[in-house]
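Dear colleague,

I am passing on the structure we spoke about, with the sequence alongside.

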Amino acid sequence: VSGDSHSRQLRRISAASIDDSNSSRGDSGDDCHKHSPQPGYDGVPSQSDVAGLEELVEQIWSSEEEDAWHPCHTPAPIPANEADRLQLLYELNVLDTDMDTHLACLVTLAKRTFNTSMAWIGLIDKDREWYMARDGLESIQVHRDIAFGAHAILLADCLWVDDASMDERFQYNRLVYDRPGIKFYLSAPLTLMRNEIRYPIGCLVVADEQARYRESHPSGNDLSLLRTLASAVVRRIETRPRSQYNNVFDNMEDPENRAIVLKNFMSIAGLTMDQHLLKTLSANLKPRVVQMGRYVVRKGDEGSSMFFVVSGVCVCYVNNEPVERLVKGACFGEVSIMNMCKMRAANIPDAMVRRRAVRMADVRAVERCELLELTFENTWPLIKEVPALWTKLEEISKMRSGKVALMKPKGSL
């Protein structure tokens, strides 16, 4: 994901350059790798060539497109444990939450202690770095392709950049040559440990528009202090979200609270939903809590409900083999609901519809789970009232299918 925009920009620049070159030669471009000299060409670029190149360079550096990175900029590689890292980040339920005063104080403390113009807590999402707390920054997030934090999470310890404009990883980064104009950058990783495995979810950062060379600063003390502050951030993140979120879930009888939960789910799943559909769907959702070790659904059950995972972890089993891990932002049972709607639309008798809609898998809560349930009885009239719901169910089903590596047996989960 993080390289897509970079690739698009390269293709766009390359295509334009080849087209211009082909036009000037008058050929089709099929032999663009054969550098045959043209008649009268002395090897010296003409004034028009130089002017064209200067114009291209100006377009590259001044482009206002959000994902139009300089073609020499290379995004950070993706960590090997990216899927598990993102899953853990989403389970924390902290993305897109309100500013936490405790974290804001830690950021301000870091900024003042290191005497920098900027400081922030950045969490590395699938395609962005989201600033959970910030001081000295205007934006609330930045694309992951140009996020310094995308490089920082690849390291086991702090990342110190003396002068980003001289660092090959960042010298073509628009955060360096454009606002906020980062030169000095120092970050400590925000690391969670699960089963003795390290999962970096982001970093605590101090940065400045002025370069700051490591040999002229007491780097050992600086790094130690930043690590200590980063540890305090991690402790706050791990203890903060569930208590706040449970306050909302505890009052799921209120449709507005259900709408908040559903909107949060859609954000995590990477989906959008217009306000009318969100409100209509929320009014028909039922809260359900499943304790650790209990089954949500069993193979052979009637598949007349789908579930949105609000918190906790469920695992889907086919023939006693785990095939899918369902965490916050996941759902299951949507295929069954869709199949039932198709059969109902074909005027198949209700009794036959229910006999055919049988689950082919077990879903078990491996920790306490909070779910929102949507029944077929509520879905069918909703689809007739709001056809966009069908499109949304298709999007959800397609998204989920792409995450399941093992082919599911014929039927619905």
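The accessible surface of the protein comes to about 21,100 Å², and carbon and sulfur atoms account for 50% of that area. Please keep in mind that this is a predicted model, in which 48% of the 413 residues count as buried. The secondary structure comprises 14 helices and 14 strands, and among contacts between residues at least 6 apart in sequence, 72% join residues at least 24 apart.

The largest nonpolar core holds 37 residues, of which Ile121, Leu123, Leu186, Leu190, Leu204 and Ile237 touch the most other members. At least two residues of this core come from each of α3, α4, β1, β2, β5, β6 and α7, with α7 (219-239) giving the most, namely 8 residues. For leucine 204, if neighbours within four places in sequence are set aside, the contacts include Val107, Trp120 and Ile121, as well as Leu186, Leu190, Leu226, Leu229 and Val233. Another core, of 28 residues, lies apart from the largest one, and Ile337, Met338, Val353 and Trp390 are among its members.

With best wishes

Definitions and conventions. Residues numbered from 1 in each chain as written. Predicted model: local features only at pLDDT ≥ 70, side-chain atom pairs only at ≥ 80, totals over all residues. Heavy atoms only, no water. Helix = DSSP H or I, 4+ residues; strand = E, 2+ residues; numbered from the N terminus. Buried < 20%, exposed > 50% of the residue type's maximum accessible area, 1.4 Å probe, protein only. Contact = heavy atoms within 4.5 Å. Areas by Shrake-Rupley, 256 points an atom, 1.4 Å probe, with all protein chains shown as cover. Core = buried A, V, L, I, M, F, W, Y, C linked by side-chain atoms within 4.5 Å.
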